[in-house]
Amino acid sequence: MIDVLAGRLRAILGDQRVIADRQRLRTYECDGLAHYKVIPALVVLPHTAEECAAVVRACVAAGVPYVARGSGTGLSGGALPHADGVLIVTSQMRDILEVSAADERAVVQPGVINLQVSKAAHPYGYYYAPDPSSQQICSIGGNLAENSGGAHCLKYGFTTNHVVGAQVVTPDGDLVRLGGRAPDTPGYDLLGVFVGSEGTLGIATEVTLRLTRLPESVRTLLAAFESTDRAGAATSAIIAAGVVPAAVEMMDALAIEAAEAAVACGYPAGAGAVLIVELDGPAADVDAQFADVERLCRENAAFEIRIAADDAERALFWKGRKSAFAAVGRISPDYIVQDGVIPRTALPPVLREINAIAAANGVRVANVFHAGDGNLHPLVLFDEAVEGEADRAEVVSAAILDLCVAYGGSITGEHGVGVDKAKYMPRMFTDDDLDTMQLVRCAFDPAGLANPGKIYPTPRLCGEVPGRHKGAHPPQEAADPGWQGAEVF
Ligand SMILES: Cc1cc2nc3c(=O)[nH]c(=O)nc-3n(C[C@H](O)[C@H](O)[C@H](O)COP(=O)(O)OP(=O)(O)OC[C@H]3O[C@@H](n4cnc5c(N)ncnc54)[C@H](O)[C@@H]3O)c2cc1C
């Protein structure tokens, strides 16, 4: 069956852009969450929307599942291939089709790298605001599918606020347009449904993005506190004072230690936590609000405040923060990058409880995160070589998500559910909630071939009646090969 499909795909794309060699396929066996690995049956590298649509139609005709992949930097296993399926890689769809300053829009292919959009818009006085820390390598298609965030999303909003239109290959293989250049379209917000759908509702083949005017002024400070409690209180005080910084990022002592070891960022010695606060906008507003931020940090016991004198110093402040995930490799052989959300005002107690959970389980947790919007990234450190440590790290990781839910937050802020967090969905949603979500999925993809095995802990066949089910789940009972992705749960 796969050989026949491979032949059809070669007829569409040519021999060079269909990969069937097992060694070459291994390049694509995982995304940024490397402990899940599945070698796909085939990888294809389309260049155009029409080619993507033809590939999807061929998969549907053969009853073969398919998974979209951008740059493969996802941290929830969203682009994990299906063993019997086709991985549709958009990394060669990298054309910026249009930059229109007058419309404040850019139109791009899905494989375009996030930072390239800002570089293309810069000469016109614009940039693309959502800035995941991976922005030098992650694709716009992946950003759209994950509704990615970043340090500056506190003020400017997440990807969903910056995608105004998309051309999409539906799971039937049709090419359709959702949204457009205009600010709004009548009818259901299908574009809103599609953004954040993690490749389960189709494949984006062209994306229209909102561009943001470059600010007149940007000012950044680094404030050092004795504890995360103090830094958390300062964060809440800044927002409560009516100041909306472009970014408020926090790192705790362990994250600072890792960043110093990796990039020698020179943060204040002895800090239990640092905040990076950045303001942007009209110079007069920024200057006035900057004074407020400085005062509020001091009132919340900041023991040192550094103000970036120029772009070089500003870049140094950010260097420690942006390198923090990878830097943790300097202080621990293995680590889990967790992603959860809490209301910002709950930062002090939640960070205290995370430390208590870590201590009780004998593992260390470094915290580096978007404090302004309460999006935590606890890095749970462990050594695979020490017996039981990986299991304890998993326990801590899960307990942190329970804590987020208990405080009214969420099991993911920006990295998505993918394969990794599907098992946590019932901690946040009832069976009815999950059934309703799957009705949406089935409306787009009745055959269940678009990225199966992701998001939902108990996948449902589309003909199945919603509601509670007793005994083995029908798709599992039927051992339907279309649902083999479920084996990873
Ligand atoms: C060091 C590091 C830092 C990171 N920092 C951040 C951060 O600050 N904020 C943040 O939000 N994330 C962050 N991430 C996670 C990751 O970079 C984002 O989720 C990013 O959006 C993934 O883009 P990608 O191109 O790599 O997508 P992939 O990993 O290739 O795919 C991600 C998901 O999108 C789907 N997909 C890909 N392309 C398409 C398409 N064209 N149409 C439909 N579905 C598609 C895939 O099926 C998959 O489900 C970080 C990752 C790393 C490694």
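**Reading the contacts and strands of a predicted model**

Student: Why are R295 and E299 described as separated by about one helical turn?

Tutor: R295 and E299 both belong to helix α10 and are 4 residues apart, which means that about one helical turn lies between them. Helices here are DSSP runs of H or I with at least four residues, and strands are runs of E with at least two, numbered from the N terminus. The model is predicted, so local features need pLDDT of at least 70 and side-chain atom pairs count only at pLDDT 80 or more, while totals for chains, interfaces and linings use all residues. Residues are numbered from 1 along each chain as its sequence is written, and side-chain values use heavy atoms, with hydrogens and water left out.

Student: What makes the contact of R295 and E299 a salt bridge?

Tutor: The term requires a side-chain nitrogen of Lys or Arg within 4 Å of a carboxyl oxygen of Asp or Glu; the N to O distance for R295 and E299 is 3.1 Å, so the pair qualifies.

Student: Is R295 called buried, partly exposed or exposed, and which word applies to E299?

Tutor: Buried means under 20% relative accessible area, exposed means over 50%, and partly exposed is in between, computed with a 1.4 Å probe and protein chains only. R295, at 39%, is therefore partly exposed, whereas E299, at 54%, is exposed.

Student: Why is E249 said to tie together, with R321, parts of the chain that are apart in sequence?

Tutor: The closest N and O atoms of the E249–R321 salt bridge are 2.6 Å apart. Because E249 lies in strand β13 (residues 247–252) and R321 in helix α11 (residues 311–322), this pair connects parts that are 72 residues apart in sequence. Both E249 and R321 are buried, and the search of the whole structure finds 17 salt bridges.

Student: Why is strand β20 called largely enclosed by the rest of the structure?

Tutor: In β20 (residues 378–382), 5 of the 5 residues are buried, so the strand is largely enclosed. Both of its faces are covered, with P378, V380 and F382 buried on one side and L379 and L381 buried on the other. In a regular strand the side chains alternate between the two faces of the sheet.

Student: How do you know that strand β16 pairs with β20?

Tutor: Two strands pair if DSSP finds at least two bridges between them; 4 bridges join β16 (residues 334–337) to β20, and these strands run antiparallel, so they count as paired. I336 stands opposite V380 in β20. Strand β18 (residues 364–370) also pairs with β20 in the antiparallel sense, over 4 bridges, and there N367 has P378 as its bridge partner.

Student: What makes β5 and β9 edge strands?

Tutor: The open sheet of 5 strands has the order β5-β6-β10-β8-β9, with antiparallel pairing. Its edge strands, β5 (96–100) and β9 (175–179), each pair on one side only.
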